[in-house]
Amino acid sequence: MTGREIRENFLQFFEQRGHRRLPSASLIPRNDPSILWTAAGMVPFKPYFTGAARPDFLRVTTCQKCLRTPDIESVGLTSRHHTFFEMLGNFSFGDYFKEEAIPWAWEFVTGVLKIDPQKLWVSIYLDDDEAFEIWRRKAGVAQSRIVRMGKDTNFWEIGVGPCGPCSEIYVDLGEERGCGLDTCGVGCDCDRFLEIWNLVFIQFFRDEAGNYTPLKQKGIDTGMGLERVASVLQNVPTNFDTDLFREIMDYTAGLAGVRYGVDQGTDRALKVIADHGRAVTFAVADGALPSNEGRGYVLRRILRRAVRFGRKLGITEPFLHRVAEAIVRQMSGAYPELAANAEHVYRVVRTEETRFLETVAQGMEILENIFARAGEAGRAVIEGADAFRLYDTYGFPLELTKEIAAERGFTVDEAGFAAAMAEQRERARKSRQEIEYLSEDAAFYQTIREQFGETKFVGYTDLEAKGRILFLSKGGRRVKEAAAGEKVEFICDVTPCYAESGGQVADRAHGQTREAEVTVENVVKPVEGIYLHSGKVESGALRENDEVLLRVDAGRRRATARNHSATHLLHKALKEVLGEHVNQAGSLVEPGRLRFDFTHLGAVSPEELRRVEQLVNDVVLANLPVETFYTSLEEARQMGAAALFEEKYAQTVRVVKMGDFSLELCGGTHVRSTGEIGLFKLTGESSIGTGLRRVEAVTGQGALAFVNALEDQLTEISSLFKTSPAELIPRAEGLLGEIKELERENESLRARLNRYEVQFLLNQVRDLNGIKFLAARTEASDMDGLRAMVDLLREQIRSGVIVLGSRVNDRVNLVAAVTRDLLPQGLHAGKLIKEVAAVVGGGGGGRPEMAQAGGKNPARLQEALDKAYAVAEKQLHQ
């Protein structure tokens, strides 16, 4: 039975028993920043088991793609370790329990997969008598084949929350696969007893004290490893020998010109490439991109490890993108997202591999030198500083250095590596030189907060509010009052002013007390909950304890809100047009413009930009309502609200919803409906780093001003071309045609003039000991023209020495040439031109047959050319 057949038979089996077949969730957990990867079949359903969300279906079956890396070094060495694997599962959310799950599992394994019951064993938790009776009574498993095991293997729990006992199905692969010990049995670490299916019975709730309380609604979570089952049914020694891997391995072997099954080292390399290739292909298709942090670092490590094993096979050119093509061909039937994102996958993989190959050779050379020095010094440990230099300069992940070192009999000082990393981060922190308000004493503001409480922000609903000045300072020093003309910072108990955060700039405002007026130019939060206003006292005296009326600049706030809401629409539109791999990497929201940074490999095409712009404007014209509300972080994630992966959110979060189009966690200010945004216009797109792009845009009055400026330019250009804007393109095309024709005529005339000048110069050729020698001045306007003239002269004289010079403004250009037949006589154009250029106060050099130079004294050009004869003559006599 093929892997494809096993997958389909499993899903159909449970569909026939009332389960809803769902597609695999992404490898990137949606709305759950607590984990990097989907590593088990139950991960997408965790909220249902914890009670945080209600499922749409009580019975579900899936084939979930999974990614884990703790055992990455074991891949290719053992028969069943992988980074990427498929997990078949059936789930019940408060519906059926052991009475159904156990018999169905046995029926599928023996009835559908046709595995001999005499080869099967079952494990249960120590005191799970209920499971024991069901296995024995309903499944018909002999008591002697049911093994009770402890909590470390047969009880599933993850701290506080739902948990329960497990039951596993094992296949006895035969004594020849065992360790030979008398104690060998179910649970042994050898390869004889292979676990193929784990059934988790979620029936308890564990509290913080460690007490277990029976759940009213019990659940089922099962997981069957597709690769393991395939190895059993196809009767092969390892998962890699199944059809799930062999097609990929054979394709890679063809690229490398090797064969599988001949050499152990070759076999391991082919296994690693197949496994890692699958992980990389699926991860990139789901939106991951290589980087130096978090999920991207894991992906980069896997990809580069595959490349390194490719080099062991003798593959020195980029190849992993071609392996990805084989994987897409094989697996897109079950996972259509592979075909949908294929070109993106190939581009990302090839780009990352090419970059790595550009540095790996140099990095390996450095590593070899490190090994040599360590060996000469009698050390078996590679210094952490050396390992960090490889990471920082050549992109070698620490794990890769450790692997290569282990192969050579060395270990790596990981503590030293960590210390070097910490030092670099500290240097980077100090170099940023960020300007902050009294940030060197954040504890002071915490004291202010403890003394007066947090500032109450009312700016979501009110642009005007009265507050009391709790704290006043100038020049970083607390004061009781400040006079007109002085710069101040102050904190109020209430404010309508938005503080800079989340990419949105702060409000500006006007403040008024009984005696003073103050302008607010910026607002920051030195610690959470404290709003520090900075500005200038315009008149009167501003004092602590004064009541101040703050009025936000309403026009500026509205313009900023338009741009912030447009940023949310832009984010969603980019995902719609470019793919789900697009994620926010930074933003800037100002009154006059917006800037949005996002993950994407390669430039966004003009057509894609046009589609993004059109989609945003369509949503603006739809005038969708913009709603904001507060909810729990978990509930927001379940709703699908977009969140920054690296961002730390409180348990209660603010959600901004724009119709059914956009849903994001956000603390910024927004319009009431999308129609208030007005025209949305993209103004630029650029690269800001590997895998990072930036787009800029304007809205509302800013967009109108941008369009007006373009119209003004168009009108002015039309006037210069003496035509109307509507006829500008045909007029420009016509003029370009005329210019090209004139350029062709000019080139023809220049060629004729050059021929005349060449003939003139040939009359100046002198004899140098039987060698034709020419040193002359020409009218060439640049160095290219001078070299072209030399080429024409060289064709005519066939054998000889040529030195030409020309004056261009206040500079001198010089070119020298020696035909190849004269090089054995000691003539050298590079040395010749160097001495000649010195006369005109310049320098230069080049190859023996051709060289060029420049100078800054045109008045001595003829003197320099006259010297050329003497220099050449001296070369002949040396």
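**View 1. Lining of the second largest pocket in a predicted model**. The second largest pocket has 44 lining residues, and Arg 68, Met 87, Glu 195, Asn 198 and Arg 228 are the ones nearest its centre. On a 1 Å grid over the protein atoms alone, a pocket is an open set of points where a 1.4 Å probe fits, with protein on both sides within 12 Å along at least five of seven lines, and a lining residue has an atom within 4 Å of a point. Two or more lining residues come from each of β3 (84–93), β7 (161–172), β8 (193–206), β9 (212–225) and α6 (226–233). Seven residues, the largest share, belong to β8. Helices (H or I, at least four residues) and strands (E, at least two) are DSSP runs numbered from the N terminus. The model is predicted, so local features need pLDDT of at least 70 and side-chain atom pairs count only at pLDDT 80 or more, while totals for chains, interfaces and linings use all residues. Residues are numbered from 1 along each chain as its sequence is written, and side-chain values use heavy atoms, with hydrogens and water left out.

**View 2. Space and residue classes in the second largest pocket**. The space in this pocket is about 1400 Å³, a volume being the space filled by probe spheres set on grid points, which are joined across faces, edges and corners. Its lining has 21 nonpolar, twelve polar and eleven charged residues. Ala, Val, Leu, Ile, Met, Phe, Trp, Tyr, Cys and Pro count as nonpolar, Asp, Glu, Lys and Arg as charged, and the others, Gly among them, as polar.

**View 3. The open sheet β23-β24-β29-β28**. Four strands make up this sheet, with antiparallel pairing; two strands pair if DSSP finds at least two bridges between them. β23 (584–589) and β28 (680–689) each have a single partner strand, so one side of each of these edge strands has no neighbour in the sheet. On average, neighbouring strands are turned by 15° against each other, direction ignored. Between β24 (residues 594–599) and β29 (residues 692–699) there are six bridges, and Thr 599 has Leu 692 in β29 as its bridge partner.

**View 4. Helices α18 and α20 across β28 and β29**. Helix α18 (residues 606–622) lies across both strands and runs at about 135° to β28. Helix α20 (residues 700–720) also lies across β28 and β29, at about 95° to β29. Axes are lines fitted to C-alpha atoms, for helices over the stretch in contact (heavy atoms within 4.5 Å), and angles run from 0 to 180 degrees between N-to-C directions.

**View 5. Strands β16, β18, β19 and β20**. β16 (residues 487–492) pairs with β20 (residues 532–539) in the antiparallel sense over five bridges. β20 is also joined to β19 (residues 517–524) by seven bridges, again antiparallel. Leu 532 in β20 stands opposite Ile 491 and opposite Val 524. β18 (residues 509–512) and β19 pair antiparallel over four bridges and form a hairpin with four residues between them. Val 520 in β19 stands opposite Ala 509 and opposite Gly 535 in β20.
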